Amino acid sequence: MATNLKWPSVLGLLVVAGMVGVASAGNIAVYWGQNVNEGTLADACSSGNYAYVIISFLSTFGNGQAPVLNLAGHCNPGECAGLASDIQSCKSQGVRVLLSLGGGGGNYGLSSTDDANSLADYLWDNFLGGTGSSSRPLGDAALDGIDLDIENGNSAHYDELASALKAKDGGALLTAAPQCHYPDEWLGPALQTGLFDAVWVQFYNNPGCAYAGGDDANLVAAWRTWTGGVRAGSFYLGLPASAEAAGSGYIAPGDLTGTVLPAIQGVGGGYGGIMLWSRYYDVLNNYSGQVKGSV
């Protein structure tokens, strides 16, 4: 995923089709949190364009480090509790709100099973339904789930993190944003657990499996591989919301609705909608507004 912090760019969740909360959103998920000019979290949810808004990123965790939330100017780390009212507003409108771990930069990784279990406890108590923390970074509002946008380090122990989160009382909505090259370098083992509710595959910044020059053959082939090789609640087509949002893989709205979506829907395999990077670029280009009726 691109960030506003001069980090390497390539994005960085999952939903059962029947769990969609906003019918008018057309099964669109969007990442929010990496550009202060994208508007507030409440603005994103009240747009009516999204069923899922993914707060990005918890960019430091694991390996004995204190977890750090980096929202690139929306609030300083440790001073983001004011977002609780926005989260409550989103949830009151039926929009699911998740926290994304990782991103294209940051300092993260898991060193052991104990490390994975410790992070699961931290996430549960500080962002989800747990009550074991009195200093929740986003205030007292409970998020709906956790997204994994792992783009550096190694793949070790994320499968154990997923299992530990799902084992919590009531579990958590669990999503992931792998690159479209299969299997994903960092999330491959975790996705083989079959525990993810939705997978939004990043079909951009990935020459060889992304849309290019009006040709969707590689994209459709990769989609078939993903939906045939991973068991998940549903699969989302991850796209840049404007040509400026990524180095490659942008699909014009007319091409998306007229050619690409019919092609991947014809493959079958649990199509759920699209994911967009990011809210900032979507505000600039109104991509979601142009395609939501056909998603």
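A nonpolar core is a set of buried Ala, Val, Leu, Ile, Met, Phe, Trp, Tyr and Cys residues joined through side-chain atoms within 4.5 Å. Buried means under 20% relative accessible area, with a 1.4 Å probe and protein chains only. This model is predicted: local features need pLDDT of at least 70, side-chain atom pairs count only at pLDDT 80 or more, and totals for chains, interfaces and linings use all residues. Residues are numbered from 1 along each chain as its sequence is written, and side-chain values use heavy atoms, leaving out hydrogens and water.

**Exercise 1.** Find the residues with the most contacts inside the largest nonpolar core.

*Solution.* Take the core of 97 residues. L161, L237 and I274 have the most contacts inside it. Strand β2 (residues 52-61) gives the largest share, seven residues. Strands are DSSP runs of E, at least two residues; helices are runs of H or I, at least four; both are numbered from the N terminus.

**Exercise 2.** Work out which residues of helix α4 (residues 158-166) are buried, and where they lie.

*Solution.* Y158, L161, A162, A164 and L165 are buried. Look down the axis of α4: these residues fall within an arc of 165°, taken from the directions from the axis to the C-beta atoms, so they line one face.

Terms used:
Buried < 20%, exposed > 50% of the residue type's maximum accessible area, 1.4 Å probe, protein only.
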